[in-house]
Amino acid sequence: MRKSLIGFVICFVAVVLATVVQIKPALGSPAPSACGKNLLVNPSFEDGPYPGSYLDLPAGSTTLGAWAVTKGSVDLVGGLWPASDGHNSIDLDGVSFGAISQTFDTTAGKTYVVSFDLAANGYGAPAVKRMQISAASQTADFQYDLKDKPYGRMGWQPKTWSFVAKAASTTLAFTSLDTENGYFGPVIDNVRAQAACD
Ligand SMILES: [Ca+2]
């Protein structure tokens, strides 16, 4: 008798839990899916010279090819830490707060999906690294809190964002929003920009 009662209670709880899970509202609208090829050149920062441990690139540098360094400086990081893809990644704080951008062909009115991996230079402050992604006058801010960084690893976090193009070409930019120190910033790698699926 007692066993059947326990069985009934377990079944009842399971049904309630299943119902709660099913009616749980979605948090925000899902990002659109990406289709087709990556529209970026040198999307993983693997082209160009071998950076050794790291190579500081000031604004105006052409070392990254299709990527322009547009502000302050960034570091092309090689052996200093593991990239999320290939060998190299970019610290958006080189010796000052930096930014990079790349312009690619788009179709006005079409949605594009940008994905990248985000980590942080853990060698110093600020404790929370901040950056902004922008394209076609649309922006989104991202941050990486060092307290979330696993010990001894980069702890790369995949990020996704989408924008609607307004012209036949669009400039995609990654900009450090840090205001402290200038040497140890948000780190990005493995950038993709693809048209959203129709
Ligand atoms: Ca890479």
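Among contacts in the chain between residues at least 6 apart in sequence, what share joins residues at least 24 apart? The share is 76%, where a contact means two C-beta atoms, placed from the backbone, lying within 7 Å. This is a predicted model, in which local features need pLDDT of at least 70, side-chain atom pairs count only at pLDDT 80 or more, and totals for chains, interfaces and linings use all residues. Residues are numbered from 1 along each chain as its sequence is written.

**The overall layout**
- The chain has 1 helix and 12 strands; helices (H or I, at least four residues) and strands (E, at least two) are DSSP runs, numbered from the N terminus.
- Of the 198 residues in the chain, 32% are buried (20 or more other C-beta atoms within 10 Å of a residue's own; 12 or fewer is exposed, in between is partly exposed, and C-beta atoms are placed from the backbone).

**Ser169 and its contacts**
- Ser169 sits in strand E11, residues 169-176, and is exposed because it has 11 other C-beta atoms within 10 Å.
- Leaving out residues up to four places away in sequence, Ser169 touches Thr103, Phe104, Asp105 and Thr106.
- Thr103 is 66 residues from Ser169 along the chain, yet their C-alpha atoms are separated by 6.5 Å.

- Pro126 is in the loop between strands E7 (111-120) and E8 (128-135), and the peptide bond to Pro126 from Ala125 is cis, with omega near 5°.
- Ala136, in the loop between E8 and strand E9 (138-145), has a positive phi of about 50° although it is not a glycine.
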